[in-house]
2 protein chains.
Amino acid sequence: MGATGSIGIQTLDVIRLHPEQFSLYAMAFGRNIEKALPLIHEFNPAIIVVQDEDTKAKLQKELNHSYILCGGEGLIEAGTAEPVDVVVNAVMGSIGLPATLKAIQAKKIIAIANKETLVTAGHLVMEEARKHQVELLPVDSEHSAIFQALNGEKRKNIEKLIITASGGSFRDKTRKELEGVTVEDALNHPNWSMGAKITIDSASMMNKGLEVIEAHWLFDVPYEQIHVILHRESVIHSMVEYVDRNVIAQLGTPDMKVPIQYALTYPERMDLPVTNHLNLEELATLNFEKMDMDRFPCLRMAFEAGKAGGSMPTVLNAANEEAVQLFLEGKISFLDIERYIEEALERHDRIHNPDLSTIISIDEETRKRVRFHLN
Amino acid sequence: MGATGSIGIQTLDVIRLHPEQFSLYAMAFGRNIEKALPLIHEFNPAIIVVQDEDTKAKLQKELNHSYILCGGEGLIEAGTAEPVDVVVNAVMGSIGLPATLKAIQAKKIIAIANKETLVTAGHLVMEEARKHQVELLPVDSEHSAIFQALNGEKRKNIEKLIITASGGSFRDKTRKELEGVTVEDALNHPNWSMGAKITIDSASMMNKGLEVIEAHWLFDVPYEQIHVILHRESVIHSMVEYVDRNVIAQLGTPDMKVPIQYALTYPERMDLPVTNHLNLEELATLNFEKMDMDRFPCLRMAFEAGKAGGSMPTVLNAANEEAVQLFLEGKISFLDIERYIEEALERHDRIHNPDLSTIISIDEETRKRVRFHLN
């Protein structure tokens, strides 16, 4: 799910490296036919899912394929198809949520790269996962780091999770300097090559905020035990401190193929020759700084929305997605992103334990409010 | 075993912290009655073992205790006593070897802080451990780090072990500057507070060499897959790189109570409130440098002796123990240590797969040769 995005492409890279282990049964993407076509020819999936009827029609002109599906229903059919073992949820936004829930019910292993699924509906997703004894395997480098640092250790022995943040493209700018930044400035991330949305989220530190909420759900750890530190080199991807003061960390080069492959091979490991070895002697220095919540209000808001719980994280996420979109469209400034989110959170009356349809309607309503603000 | 040494005292600190979990059944020390007496009164062990009859006689004058044993035989009786669950081998030198083998045969868990046991007789100890399905739990911070970073992962998925070295008290001195160093200079270790022998070994880098050989045996990893890097802050205690490029590390403050307690509680963990939390924000920077084998010939010799195998590591270890003793006595210079070891290794004809009595006689012979050199 999300095959032509950054994670999707790298997932296919991993599949390509291990043809004896993996094959692609179903492939879902949005509208990028140009990017998808050579991949379809190469991996020959039994099911193709696209975003809408228009894209389906266009694709059918290019391709003789008997099974092209559309939208949310298509995602569900692909994600629950009998031959599927692992569903990689790497779509953008919350569109993958219903399909993920259905795939869990069908007892598929879920490799989760989509933060919104857990941010907006962590309580529903984790409840389903527990009920059907399905393991959710994180693909985000930070959560993969924590997952590996935990490696079967008991929840009660966790003192805290320590999530590292590179600081994004604006880490050395003051609040004042942020006022004039452009979309191009924001898209220039120092360590990782990623999609536009997540790169903006890195610059605003909302990405880290969403990761905090995701970590809360994935690892069942209260927000008071989740700590974020600035680590500009992104070499330590995250850590777990235990009650006996042992800290276990995962380190690596900034290559998403590493956590993607781990999610696909877990609990086994497989060679990954295309990725460089971590070379600490060459890196020479790792730096750590205290995270400043005043400098990065998006992170503060994420902690607050997470602690408030209920529908608040849904509002946080929907407002952020829409505001980032408006920023990328050149319609609002970078600092407007956090202002729009703050306003959306303030205006919302928290709903306790929302069900899926409530989440979807709050998500839509919040997006409209953020857009409406502009018009 | 080694209750009045640095590791022994800190093991008792851990026992003191968890009186509901641990008690001391047997206590072995050398000759330091003054240090031992208050500990005997506090922990009230059923068995006491001292180094010799003379110490036993002196102790009996101070103490009304019905069960005081002597020397190697005493260690064996204490280590195999029925109520004992865990034997902490923290004696200095190779005196603990026969008792460790007997304790393994009696299916005791072995917490191993004594490097010489594995360095001189790794093939015998590991064979016994496999035969009797006994787990050897490392107490050294580096090996505890690797053990935790492995945490049940499969041997075949290890790409390499990365052992960190602080560099010891002379890390910033050139070879030239090492010529005039004193015992006092050498005993001034920048990060860890340890016994005299191990502090000298840290300065010469032989400590790291012994750790490499120990890691080879404990984790069944060939020397070609063991890598040493300089990391002056000693915050990352060691790492494991896997075939999929994930690197797992253990980090912590320099407090030996952490690995000691982990060895005692494994596979559980327990609170350790007396030890500070690792504070990376405060530490701010971690540095890594390439290890220079020309600057530290003791490390090179350890790798060579380890790869040569057979009786060579026994010679390496015995020559080192004796040379360090001569240095501490003020009889030879710091750089003589490596010269004496090199000469001992050159003069020795390697014996393949030596048994315990061969190891003991080679050990004694090597010590004599090193002493004889002087007279």
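Student: Is Phe219(B) buried or exposed?
Tutor: This is a predicted model, in which local features need pLDDT of at least 70, side-chain atom pairs count only at pLDDT 80 or more, and totals for chains, interfaces and linings use all residues. Residues are numbered from 1 along each chain as its sequence is written, chains are lettered from A and ligands numbered from 1 in the order in which they are written, and side-chain values use heavy atoms, without hydrogens and water. Buried means under 20% relative accessible area, exposed over 50%, and partly exposed in between, with a 1.4 Å probe and protein chains only. Phe219(B) has a relative accessible area of 9%, so the residue is buried.

Student: Which residues is Phe219(B) in contact with, leaving aside its neighbours within four places in sequence?
Tutor: Phe219(B) belongs to helix α11 (residues 206-219) of chain B; helices (H or I, at least four residues) and strands (E, at least two) are DSSP runs, numbered from the N terminus. Contact means heavy atoms within 4.5 Å. With those neighbours left aside, the partners of Phe219(B) are Pro138(B), His143(B), Ile146(B), Phe147(B), Leu150(B), Arg155(B) and Leu161(B).

Student: How many Å apart in space are Phe219(B) and Glu34(B), C-alpha to C-alpha?
Tutor: In sequence, Phe219(B) and Glu34(B) are 185 residues apart. The C-alpha to C-alpha separation of Phe219(B) and Glu34(B) in space is 38 Å.

Student: How many residues of helix α10 (residues 196-204) of chain B are buried, and which elements cover them?
Tutor: Helix α10(B) is mostly covered, with seven of its nine residues buried. Those are Lys197(B), Thr199(B), Ile200(B), Asp201(B), Ser202(B), Ala203(B) and Ser204(B). The cover over the buried residues of α10(B) includes α6 (115-131), α9 (183-186), α11, α14 (297-308), α15 (312-328) and α16 (334-347) of chain B.

Student: Is Arg245(A) buried or exposed?
Tutor: Arg245(A) sits in the loop between β9 (236-242) and β10 (247-251) of chain A. Phi of Arg245(A) is near 75°, positive in a residue other than glycine. The relative accessible area of Arg245(A) is 7%, so Arg245(A) is buried.

Student: Which residue does a cis peptide bond join to Pro267(B)?
Tutor: Pro267(B) lies in the loop between α12 (257-265) and α13 (280-283) of chain B. Omega of the cis bond is about 5°. The residue joined to Pro267(B) by this bond is Tyr266(B).

Student: How do the axes of helix α1 (residues 6-17) and helix α2 (residues 33-43) of chain B run, roughly parallel or roughly antiparallel?
Tutor: Axes are lines fitted to C-alpha atoms, for helices over the stretch in contact, and angles run from 0 to 180 degrees between N-to-C directions. Angles under 35 degrees count as roughly parallel, over 145 as roughly antiparallel, 65 to 115 as roughly perpendicular and the rest as oblique. The axes of α1(B) and α2(B) come within 12 Å and cross at roughly 20°. That angle makes α1(B) and α2(B) roughly parallel.

Student: Which residues make the contact of α1(B) with α2(B)?
Tutor: From α1(B) come Ile9(B), Leu12(B), Ile15(B) and Arg16(B). From α2(B) come Lys35(B), Leu39(B), Glu42(B) and Phe43(B).

Student: What relation superposes chain B on chain A?
Tutor: Copies are superposed by least squares on the C-alpha atoms of residues with pLDDT of at least 70 in both. A rotation of 180° with 0.0 Å of shift along its axis brings chain B onto chain A, with an RMSD of 0.0 Å. That is the relation of a two-fold axis.
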